[in-house]
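Biologist: I would like to learn how to read ring pairs, charges over rings and cavities. Could you take me through them?

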Amino acid sequence: MKPMKRRAALALLGASATLALPALAQQTVTLRLHQMLPPQATIPARALTPWAQKVEAESGGRIKVQLFHAMQLGGAPPQLYDQAKDGVVDLTWTVLGYTPGRFPKTEVFELPFMSGNAESSSRALQEYVEKFAPEEFKDVKLIAVHTHGPGLFHTKTPVTGLESLRGMKIRGGSRIINNMLTKLGATPVGMPVPAVTEALSKGVIDGTTIPWEVTPSLKVTELVKNHTTFAGKEGLYTQTFAFSMNKAAYDKLPADLKAVIDKNSGIETAALFGRAMDEGDKAGRDIAVKAGNNIVALDVQETQRWRRTAASVETDWVNEMKGKNIDGAKLAAEARALIAKYSK
């Protein structure tokens with residue numbers, strides 16, 4: 001090749017390489033997000049969709065998040081965490097209690113009468129996990145953990161005191177909650193929350209423990225007419241949730257897109273999910289009130305009876321943790337201190 005032609009060819013090659021750099025830098029990434037509830041439910045509508053929109057906006061459209069609701073991509077709710085861990089999908093949101101014993105330190109937030117307001121409890125849980133249980137989430141890129149608001153009863157016949165609960169078949173969402181139901185005299189029936197509607201309509205269960213926020217999407221206020229709440233800021237129980245990302249999917253991102261994910265992870269994201277739960281609780285309760293349902297508010301004295309009866313659930317958990325060389329009493333104290341810190 002003559003010198004002039006060689007220089008022209010090299011110049012053309014250099015120009016094409018330069019043109020390719022912005023194209024490479026602007027490469028888009030599509031992340032698939034899988035979860036168990038219908039799109040109108042609280043977390044999909046008020047947390048996951050806003051989170052996805054914020055990530056897309058802050059990445060300049062270079063991260064696209066596809067939401068797949070109600071287990072559209074297959075599997076069952078207890079498999080969601082592993083779907084993120086194993087790379088079946090890129091992101092999942094799920095209930096940690098669906099995989100019993102897998103997150104022992106995190107379970108402390110599920111103990112009876114531990115917490116109430118979801119936003120403050122979610123901030124507390126996020127800090128708690130970062131300080132005391134990071135190893136439980138080492139297999140994923142953890143976006144956030146959070147809780148729901150006060151857990152309560154929704155039943156076909158009213159629960160007006162401890163005695164009226166005895167013998168009722170009540171759905172529980174985790175092993176801690178099922179142990180609590182047993183101590184309170186109910187017959188626990190474990191199942192993921194999407195199964196509640198059919199179980200109530202077919203008479204498999206007499207009632208369910210869930211927060212107000214999920215009652216509309218499950219049609220619970222249509223299927224049962226009684227709801228029992230407790231005195232004080234703390235609910236009967238709460239459950240813990242994780243929003244997780246596949247590690248390899250995160251590691252593949254260029255540094256600037258990792259920064260977008262990082263900015264939308266952690267305590268403020270936990271608070272976003274908690275706020276969504278609190279807003280959902282108000283909306284769910286309003287629906288029950290408008291429907292003319294019977295809302296039983298147990299007084300302080302009766303609530304204390306429930307607290308005393310359920311207290312042995314914490315003793316059981318602390319003793320079980322001893323067998324795992326975990327100081328459960330210390331962790332329970334740390335959890336309560338963090339909840340108090342964020343409840344001010």
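Modeller: Gladly, starting with the rings. Rings of Phe, Tyr and Trp (its six-membered ring) pair if their centres lie within 6.5 Å; planes under 30 degrees apart count as stacked, over 60 as edge-to-face and the rest as tilted. By this rule there are twelve aromatic pairs here. One is edge-to-face: Phe109 and Tyr128, 5.3 Å centre to centre with 65° between the planes. This is a predicted model, where local features need pLDDT of at least 70 and side-chain atom pairs count only at pLDDT 80 or more, while totals for chains, interfaces and linings use all residues. Residues are numbered from 1 along each chain as its sequence is written, and side-chain values use heavy atoms, leaving out hydrogens and water.

Biologist: Where do Phe109 and Tyr128 lie in the chain?

Modeller: Helices (H or I, at least four residues) and strands (E, at least two) are DSSP runs, numbered from the N terminus. Phe109 is in the loop between strand E3 (91-95) and helix H4 (118-132), and Tyr128 is in helix H4, 19 residues apart. Both residues are buried, meaning under 20% relative accessible area (1.4 Å probe, protein chains only).

Biologist: Why does the pair of Phe153 and Phe230 count as tilted?

Modeller: Their planes stand at 50°, with the ring centres 6.3 Å apart, so the pair is tilted. Phe153 belongs to strand E5 (residues 152-155) and Phe230 to the loop between strand E9 (226-229) and strand E10 (240-246), so parts 77 residues apart in sequence are tied together. Phe153 and Phe230 are both buried. Ring pairs also link Phe113, Phe153, Phe230 and Trp306 into a cluster.

Biologist: Which charged residue lies over the face of Tyr250?

Modeller: A charge sits over a ring if NZ of Lys or CZ of Arg is within 6 Å of the ring centre and within 35 degrees of the ring normal. Lys141 lies over the face of Tyr250, 4.6 Å from the ring centre. The charged end of Lys258 also sits over this ring, 5.6 Å from its centre.

Biologist: How many cavities of 30 Å³ or more does a search find?

Modeller: On a 1 Å grid over the protein atoms alone, a cavity is a set of points where a 1.4 Å probe fits but cannot get out; lining residues have an atom within 4 Å of a point. The search of the whole structure finds two.

Technical notes. Buried < 20%, exposed > 50% of the residue type's maximum accessible area, 1.4 Å probe, protein only. 1 Å grid on protein atoms, 1.4 Å probe; cavity = no way out; pocket = protein on both sides within 12 Å on 5 of 7 lines; lining within 4 Å. Points joined across faces, edges and corners; volume = space filled by probe spheres on them.
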